[in-house]
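Here is a protein chain to explore together. Keep the viewer open and follow along, one spot at a time.

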Amino acid sequence: MSSDNINLYAGQHAIEVVNFSVILGIPLDTTDNNRFETKISQIREHFPYTEDTQTLLFAIGPEPSASPPPPPGKELACYSNDGRKEWSGQFINNAIVVSCHQYTN
């Protein structure tokens, strides 16, 4: 692969994204999802794009079993004026991940 195809941020480095993660002791549930919805206007000040996470669950085994409902989750994003993602976040199950896509050092 040629390095000509790599677009460096401000022409200075090749790091595309930095992730900050928090693993919770218990999974998120519908109560957490409801609290998120009550704060949606404040959240959208920082992350204008918010969407429910789409999750597919299935069970593998000799006997059919009822799959639990998918955990509530959210995807968040903030874009620059030119349409590039600057910040994003994801909340699902017992993890919170915030990603920085643009930074200077």
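Cys 78 is buried in this predicted model, with a relative accessible area of 16%, and Cys 100 is buried as well, at 5%. Buried here means under 20% relative accessible area and exposed means over 50%, with partly exposed in between (1.4 Å probe, protein chains only). A disulfide is a covalent bond between the sulfur atoms of two cysteines. A search of the whole structure finds zero disulfides, where the criterion is a pair of cysteine sulfur atoms within 2.5 Å.

A word on conventions: the model is predicted, so local features need pLDDT of at least 70 and side-chain atom pairs count only at pLDDT 80 or more, while totals for chains, interfaces and linings use all residues. Residues are numbered from 1 along each chain as its sequence is written, and side-chain values use heavy atoms, leaving out hydrogens and water.

Now step back to the fold. The protein chain has two helices and five strands, and along the sequence they follow the pattern β-α-α-β-β-β-β. These elements are DSSP runs numbered from the N terminus: helices are H or I with at least four residues, strands E with at least two. Of the 105 residues in the protein chain, 19% are buried. Among contacts with a separation of 6 or more, 50% come from residues 24 or more positions apart, a contact being heavy atoms within 4.5 Å.

Next, look at the charged side chains. The model has four salt bridges, each defined as a side-chain nitrogen of Lys or Arg within 4 Å of a carboxyl oxygen of Asp or Glu. In one of them, Glu 37 pairs with Lys 74, with the closest N and O atoms 2.5 Å apart. This pair links distant parts of the chain: Glu 37 sits in helix α1 (residues 30-38) and Lys 74 in strand β3 (residues 73-79), 37 residues apart. Lys 74 also forms a salt bridge with Asp 52, where the closest N and O atoms are 2.4 Å apart. Because Asp 52 belongs to strand β2 (residues 49-52) and Lys 74 to strand β3, the pair ties together parts that are 22 residues apart in sequence.

How exposed are these partners? Lys 74 is buried, at 6%, whereas Glu 37 is partly exposed at 37% and Asp 52 is partly exposed at 43%. Elsewhere, Arg 84 forms a salt bridge with Asp 82, the closest N and O atoms being 3.0 Å apart. Arg 84 is partly exposed at 45% relative accessibility, and Asp 82 counts as exposed at 51%. As for shared partners, salt bridges join Glu 37, Asp 52 and Lys 74 into one network.

Stay with strand β2 for a moment, and find Thr 50 there. Thr 50 is buried, with a relative accessible area of 15%. Leaving aside residues up to four places away in sequence, Thr 50 touches Ile 40, Ile 43, Arg 44, Glu 75 and Leu 76. With Arg 44, the side chain of Thr 50 makes a polar contact of 2.8 Å. A polar contact is a pair of N or O atoms within 3.5 Å; within protein, one must be able to donate a hydrogen and the other to accept it, and residues adjacent in sequence count only if both atoms are side-chain atoms.

Finally, turn to the loop between β2 and β3, where Phe 58 lies. Phe 58 is exposed, with a relative accessible area of 60%.
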